Amino acid sequence: MKINCILCGHNFDLNDTYDDYEGEVKCWVCGGVLDIKVQVGKLKSLKYVKTPYPVSEETRTAQEQTEIV
Ligand SMILES: [Zn+2]
């Protein structure tokens, strides 16, 4: 399963361990911490909990639009 870091745009490749997962993952590219919720291999929500740099208004808006149904 792939998730997209909303902070740096890097695509993560998560293994099967994350097919049912709710919690934090750290982006090893930008160092930001993302809070993800995955059910049956599908990403339900993704938001950042910690950013390695001040977040711009643009990124904040992107987060609001990242809610996946
Ligand atoms: Zn990142």
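User: Where is valine 40 placed?

Analyst: Valine 40 sits in the loop between strand E4 (33–39) and strand E5 (42–50). Helices (H or I, at least four residues) and strands (E, at least two) are DSSP runs, numbered from the N terminus. This is a predicted model: local features need pLDDT of at least 70, side-chain atom pairs count only at pLDDT 80 or more, and totals for chains, interfaces and linings use all residues. Residues are numbered from 1 along each chain as its sequence is written.

User: What phi does valine 40 have?

Analyst: Its phi is positive, about 50°, although valine 40 is not a glycine.

User: Is valine 40 buried or exposed?

Analyst: Count other C-beta atoms, placed from the backbone, within 10 Å of the residue's own: 20 or more is buried, 12 or fewer exposed, in between partly exposed. Valine 40 has 7, so it is exposed. Across the chain, buried residues make up 10% of the 69 residues.

User: How do E4 and E5 pair?

Analyst: Two strands pair if DSSP finds at least two bridges between them. E4 and E5 are antiparallel, with 7 bridges. They form a hairpin with 2 residues between them. Leucine 34 stands opposite tyrosine 48 in E5.

User: Which residue is the bridge partner of valine 25 in E4?

Analyst: That is leucine 34. Strand E3 (residues 21–26) runs antiparallel to E4, and 6 bridges join them. The E3 and E4 hairpin has 6 residues between the strands, and glycine 31 there takes a positive phi near 85°.

User: In what order do the elements of the chain run?

Analyst: From the N terminus on, the order is β-β-β-β-β-α. That comes to 1 helix and 5 strands.
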